[in-house]
Structures are given as structure tokens and as C-alpha cells.
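Colleague: I want to go through the terms in this model one by one. Tell me what stands behind each.

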Amino acid sequence: QILDMFDKYSSQGYRVLGVAYKLIEDDADVKIQKAEDMIFEGLLLFIDPLKDDIKDVVAEMNRLGVSLKMITGDNHLIAKNIGAQIGLNPGKILLGDELDSYSISQLNKKVLDIDIFAEISPNQKEKIIMAYKQAGEIVGYMGDGINDSPAIKQADVGVSVNTAADTAKDAASIVLLQNSLKVLISGINEGRRTFINTLKYIFIATSANFGNMFSMAGASLFLNFLPLLPKQILLTNLMTDFPSLQIASDSVDEEWLKRPVKWDMKFIKKFMILFGIISSVFDYMTFAVLLFIFKANEETFHTGWMLESIISAMVVMIIVRTARPVFASKPSIKLLVAIAGVALALILIIYSPVNIYLGLISLPIMLLATLLGVSLIYALIAEIIKKSFYQHNSFSKE
């Protein structure tokens, strides 16, 4: 009957302690008394109610591609009850005794189909984390007790809370200061924004540098002067770097936040080569316009190519920062201000007396308009090719 009551209350989510007593004589030696022939007094029931928003948090994590698993030392009845309340499948459960019967290779496969681990010892928690990692998963572990410390340390990202044991907080990569799991969702989204914006910067920098390398090397073969002077190259890099720095604050399209994205060198190489070649093609188009249509001398060539390089780099920056059509994704205000500021500064430099110190000259209005037209065509072609590129290529997902 006692065991039946234990099962009943455990299955309702209660932690159950049995209380019993034994009468002994006053002169009896307590130290030698055995826990036998006890009289059952009753049960003590303890419950740690779930937070009101926990189901919403779990559902949002699933939407973001993050699978939640439950690892507990509680008995399987409690674990099933709590797991079901937060949206886990109580049928996908593995007990500590069963876990030890699996080899490492077997466990690596088994854990992928488990939602709840119950009656687990501290050492087994660490073993479970290792199994997920060896199965190719990126693992975050959250715990607050001393026994959680090894698992927190073993995880790719260990998470604890401000009220946790000191050893748990010391082992953790992140300590939550707010008493809400919604902070985790904010952290996931912010981490993805940071990673995507880092990739944007890499796309822009690698493709631009790859294209400029071919353009500079090719131009050097048929020009009897340097394609750009060193100070002009430095000025070009400086002016294009100002907008690039603002990529860190750029907005990120919603579809890029829905699933975790991993580092994909193959994707980056494809992007770099394709858009680098497009950049180089339009550089050579600029060379043709300058040399064959406007019969440019050395100063005019330097000024014209530098202007086209900077304007094109900033226009294409707006295009390649998103997989959407360019007008369907709003850049951050800081990025737009930086681009507008650099464009204005460039025009002021070219058409002010300071240009002589940089080896530049004031361009004829017709040439300026033509170069801006070349940049516009470059932008249109880049937009068309970008659409095709993302139709046939995508980020690797975790």
C-alpha cells in the first residue's frame, strides 16, 4: 500500500519522503539500533511548481531548432510527469540503470531518440553530454547544483543561475541574472545575429578583396603607370571600412534566425569567387570607359577607378548583406548613415583643393555620371546573381 501511494504521488509530480518511527527504551543504546520493525507514520510531499511561461519557452526553442532534453536524478514517475507538462514525450525515457548497459557507440545513437533521462547519477550526466557531443550535436547544459558541475563543464555552453552553488557558477560559461528562461531565447537570437553579421562582413571583405586582386594585377599588365597610388589604396580601404564596421549593428532577416547556422567554408568560397569575379568584371568595364571613351590620363584614371571602387563597394554591401531582394530587407540606420557619409566625403575630396595632395583631380560631370551608371549596372547584376546564388546554395544548418 505504501509503494502504491508512493507511485501515485510520484506520478503527480511530487517528491515523496516516507516517515517512520520506532519506540525504544530510554536506557537503550541508540547507536546500535537498526532501522527495522519501524512503524509507518505517513508521507511528506514536496513539489517545485513549473514557471508559468515554461511551455512557451520550450515551444519557442523548438521553433528555433533547439531541442530540450531533461536530465534528472528524480525517479521516472516524477520525470515523466514534469516532462509531459513542458511538452516532452514521456515515452522517450532512459533510466540510469539502463544507461550503464549501453556502450559508448550505442549510447551516441540512443540519446538522439531520448527526451527524458531519469534516475541519473552525476557521473552519468557528464556521460550523456559527451554522448550528444560525439553524435555531432552542439550541447548546452543548464544546472545549479554541485553535482551539475562536471556536466556544465563538459558541455559546449554551460549555463547556470545567480543563485546556484559556487562550483556550478564557476564551471558555467554563462550565469543568468534574471529569474526567467526567456533570457536563453534572447541569448540564442543575439548569438545568431552576431554570427550572421560576422558572416556578412566576411562575404563582403573576401569577395571585394578577391576581385580587387584580379583587377589590380590585370591592370598592371597593360598600364604604363600604377593603377592606384599607395595613398589612394589606403584611402579606398579606409573609406570602405567605415560602412563595413557598421555591419556589426545591422539588422538580420528573420529567416536567418529561425535555424542554427554553422561555419561553412565551402559556401564562403563559392560566394567569394562568384562575387569577386563580378567585381573584377566591372572594374575592367570601368577601365574601358576611362581609357577608350574618355581617354583618361594617369590622374583621371586614378580618380575614376577609386570613385567607382568605393561607390560600388558600398552599393553592393547593401545588396549582399541579405538573401532577400534588396528593398525587402531594411539595413540598420548606422549602416545607411555610414554609407551616405562616406559617399559625401568622397565627392568632397574629389572636388576640393585637397585632391591634389592625394593625386586626384576633379572629374568632368559626364565622366562622374558614367561611372555612377557603371556602379548602378553592377548593383543590378549583383542583385540578379545573388537571387540565383541563394536559390542553389544555402547556409549549412546544425
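Colleague: What makes helix H12 and helix H13 a packed pair, and at what angle?

Modeller: H12 (residues 265–293) and H13 (residues 298–320) pack at about 145°, with their axes 10 Å apart. Axes are lines fitted to C-alpha atoms, for helices over the stretch in contact, and angles run from 0 to 180 degrees between N-to-C directions. Helices are DSSP runs of H or I with at least four residues, strands are E runs of at least two, and both are numbered from the N terminus. The model is predicted: local features need pLDDT of at least 70, side-chain atom pairs count only at pLDDT 80 or more, and totals for chains, interfaces and linings use all residues. Residues are numbered from 1 along each chain as its sequence is written, and side-chain values use heavy atoms, without hydrogens and water.

Colleague: Which residues make the contact?

Modeller: Contact means heavy atoms within 4.5 Å. On H12 they include Phe271, Phe275, Phe282 and Asp283. On H13 they include Thr300, Phe301, Trp305 and Glu308. By class, the contact has nine nonpolar, four polar and two charged residues. Nonpolar covers Ala, Val, Leu, Ile, Met, Phe, Trp, Tyr, Cys and Pro; charged covers Asp, Glu, Lys and Arg; the others, Gly among them, are polar.

Colleague: How many residues line the second largest pocket, and which lie nearest its centre?

Modeller: 23 residues line it, with Ile204, Ala208, Asn212, Thr240 and Ala313 nearest the centre. A pocket is an open set of points on a 1 Å grid over the protein atoms alone, where a 1.4 Å probe fits, with protein on both sides within 12 Å along at least five of seven lines; lining residues have an atom within 4 Å of a point. The lining divides into ten nonpolar, ten polar and three charged. Helix H9 (182–222), helix H10 (230–245), H12 and H13 each give two or more residues to this lining.

Colleague: Why are E3 and E4 called edge strands?

Modeller: The open sheet has the order E3-E5-E4, with parallel pairing. E3 (70–71) and E4 (93–95) each pair on one side only, so they are the edges, where pairing takes at least two DSSP bridges between two strands.

Colleague: What makes E4 and E5 a pair?

Modeller: Three bridges join E4 to E5 (residues 116–118). The cut-off is at least two, so they pair. Ile93 has Ile116 of E5 as its bridge partner.

Colleague: Which strands form the other open sheet, and in what order?

Modeller: The order is E6-E7-E8, with parallel pairing. E6 and E7 (residues 157–161) pair over three bridges. Met142 is the bridge partner of Val159 in E7.
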